[in-house]
Amino acid sequence: MEAFWNYLETRELAMYIAESWWFPLLESIHVLAATFLVGTIAMLDLRLLGIGATNHRVSRIASEILPWTVTSAIISVLAGLPLFTSRATHYVHNIAFQVKMVFLLLALINMLWFHLRTERSIARSEEHTSELQSHHDLV
């Protein structure tokens, strides 16, 4: 596996990125996109906790934020991959990078769980609540 990481970082493009203005540019894009990603997730989490945007349905917030979350995740990954290739052998052995990758995997699993399971039950619950409110308003 070490040979593969070495192969990645010795490619001409990876070396160019590592030794030019592309590295700080890509790093800035990567960090900004990651920050935006965390921000969009925090908005939904705060709504789920009942702290923020309580006048909006969770399903509405989730559907409006999802495209922004996905787009920022894609941009972050697309900017991060060239950064990784520029020093692949270093990053693979870096404990902080390994921890980051584990947390990203856990975040992905959490997101999939939310969108495949929890979001549906929230939408059903909100529909039921709306029906009860409509019935209550008639009485």
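**An all-helix chain and its pocket**

At 33% relative accessibility, Ala53 counts as partly exposed, where partly exposed is the range between buried (under 20% relative accessible area) and exposed (over 50%), with a 1.4 Å probe and protein chains only. Ala53 sits in the loop between α3 and α4, and its phi is positive, about 50°, although Ala53 is not a glycine. Keep in mind that this is a predicted model: local features need pLDDT of at least 70, side-chain atom pairs count only at pLDDT 80 or more, and totals for chains, interfaces and linings use all residues. Residues are numbered from 1 along each chain as its sequence is written, and side-chain values use heavy atoms, with hydrogens and water left out.

**Overall build**
- The chain has six helices and zero strands; helices (H or I, at least four residues) and strands (E, at least two) are DSSP runs, numbered from the N terminus.
- Of the chain's 139 residues, 27% count as buried.
- Among contacts with a separation of 6 or more, 70% come from residues 24 or more positions apart; a contact means heavy atoms within 4.5 Å.
- The accessible surface comes to about 10,000 Å², and 69% of that belongs to carbon and sulfur atoms (Shrake-Rupley method, 1.4 Å probe; for residues, only the protein chains shown count as cover).

**Helix α4**
- Helix α4 covers residues 58-86, and its 29 residues should span 42 Å at 1.5 Å a residue; the end C-alpha atoms are 41 Å apart, which agrees (the expected span is 1.5 Å times one less than the number of residues).
- There's a kink of about 35° at Ile65, shortly before the proline Pro67; the bend is the angle between axes fitted to the seven residues ending at a residue and the seven starting there.

**His30**
- His30 belongs to helix α3 (residues 22-48) and is buried, at a relative accessible area of 15%.
- Leaving out residues up to four places away in sequence, His30 touches Ser76, Ala79, Gly80, Leu83 and Lys100.

**The largest pocket**
- Its volume is about 1,200 Å³, taken as the space filled by probe spheres set on grid points joined across faces, edges and corners.
- A pocket here is an open set of points on a 1 Å grid over the protein atoms alone, with protein on both sides within 12 Å along at least five of seven lines, and lining residues have an atom within 4 Å of a point.
- The lining has 37 residues, with Leu37, Ala73, Val77, Leu104 and Ala107 nearest the centre.
- α3 gives the largest share of the lining, 13 residues, while α3, α4 and α6 (95-138) each supply at least two.

Terms used. On a 1 Å grid over the protein atoms alone, a cavity is a set of points where a 1.4 Å probe fits but cannot get out, and a pocket is an open set with protein on both sides within 12 Å along at least five of seven lines; lining residues have an atom within 4 Å of a point.
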